[in-house]
Amino acid sequence: MTREHVLAICKSNWEYRGIDDASVREMLDELSAHLDDAAAAGRGAKDVVGEDVKSFAAAWARARKPLRQRALRMVALIPCVFGPMLLLSHLLHWSYERPVIPSRLVLCAVLAMVVVTWETRRGSLGFRKLLLVQLLIGLPATFLTAWLTGDDPLFELPLWVPLLMMVPGLPYFVADYRATSGSSTGSGQIEGAVPRVQDEGSPLGRVEDQ
């Protein structure tokens, strides 16, 4: 079992479980440092991660980002995604209020549920998969709702609502941007002493004294 193999398995597992990119990079840096230390001491990768790499990665992912935290992140980010779309509609029609019809409301609800479920369990959905969801699930739900309820407006959406929707997700976007900027401007070298105290949820502490 090579160092690269261990890192690839862990990276794939963490992305599958919806760990954000910044956290994945930090965890990979920490794991890389421990693997390098083990190699320098004449030990192999199994002495660090154990016999089952996937179980090791899953345990760390659950400790680092429990499901409730990932769900909370997505609940905050989803309105931040739909907010600019609604704001663009206001700007294109140059109107302070825009009518909300049942079919569009259902489309947004379906997309939100699919995106939250997918991202909290399997990581980033991506543009292509999101487009596929819109075609296979969103559009049929929209047409069915329009056929059952018609296109009569339910209510008028004022301009301040899309702006308010973007507020909960802003801290996450700022944190991700800072983490990405810090990673790109750093020296790229791994500080061996830092990772040992960086992540208290890491299972690596179990093998420190071996």
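This is a predicted model: local features need pLDDT of at least 70, side-chain atom pairs count only at pLDDT 80 or more; totals for chains, interfaces and linings use all residues.
Colleague: Are helix α1 and helix α2 roughly parallel or roughly antiparallel?

Modeller: The axes of α1 (residues 3–16) and α2 (residues 21–40) come within 11 Å and cross at roughly 155°. Angles over 145 degrees count as roughly antiparallel. Therefore α1 lies relative to α2 as roughly antiparallel.

Colleague: Which residues of α1 make the contact with α2, and how many residues of the contact are nonpolar?

Modeller: On the α2 side, the contact uses Val24, Met27, Leu28, Leu31, Ser32, Leu35 and Asp36. From α1 come Arg3, Val6, Leu7, Cys10, Lys11 and Trp14. Sorted by type, the contact has 3 charged residues, 1 polar and, to answer you, 9 nonpolar.

Colleague: Which element gives the most to the largest nonpolar core?

Modeller: This core has 20 residues, and Val6, Cys10, Trp14, Leu31, Leu35 and Val49 touch the most other members. Two or more residues each come from α1, α2, α3 (46–49) and α4 (53–64). The top contributor, with 6 residues, is α2.

Colleague: And how many residues are in the second, separate core?

Modeller: Among its members are Leu77, Phe82, Val115 and Val133. For the whole chain of 210 residues, 35% are buried. The second core itself has 8 residues.

Methods
Residues are numbered from 1 along each chain as its sequence is written. Side-chain values use heavy atoms; hydrogens and water are left out. Axes are lines fitted to C-alpha atoms, for helices over the stretch in contact, and angles run from 0 to 180 degrees between N-to-C directions. Helices (H or I, at least four residues) and strands (E, at least two) are DSSP runs, numbered from the N terminus. Angles under 35 degrees count as roughly parallel, over 145 as roughly antiparallel, 65 to 115 as roughly perpendicular and the rest as oblique. Contact means heavy atoms within 4.5 Å. Ala, Val, Leu, Ile, Met, Phe, Trp, Tyr, Cys and Pro count as nonpolar, Asp, Glu, Lys and Arg as charged, and the others, Gly among them, as polar. A nonpolar core is a set of buried Ala, Val, Leu, Ile, Met, Phe, Trp, Tyr and Cys residues joined through side-chain atoms within 4.5 Å. Buried means under 20% relative accessible area, exposed over 50%, partly exposed in between (1.4 Å probe, protein chains only).
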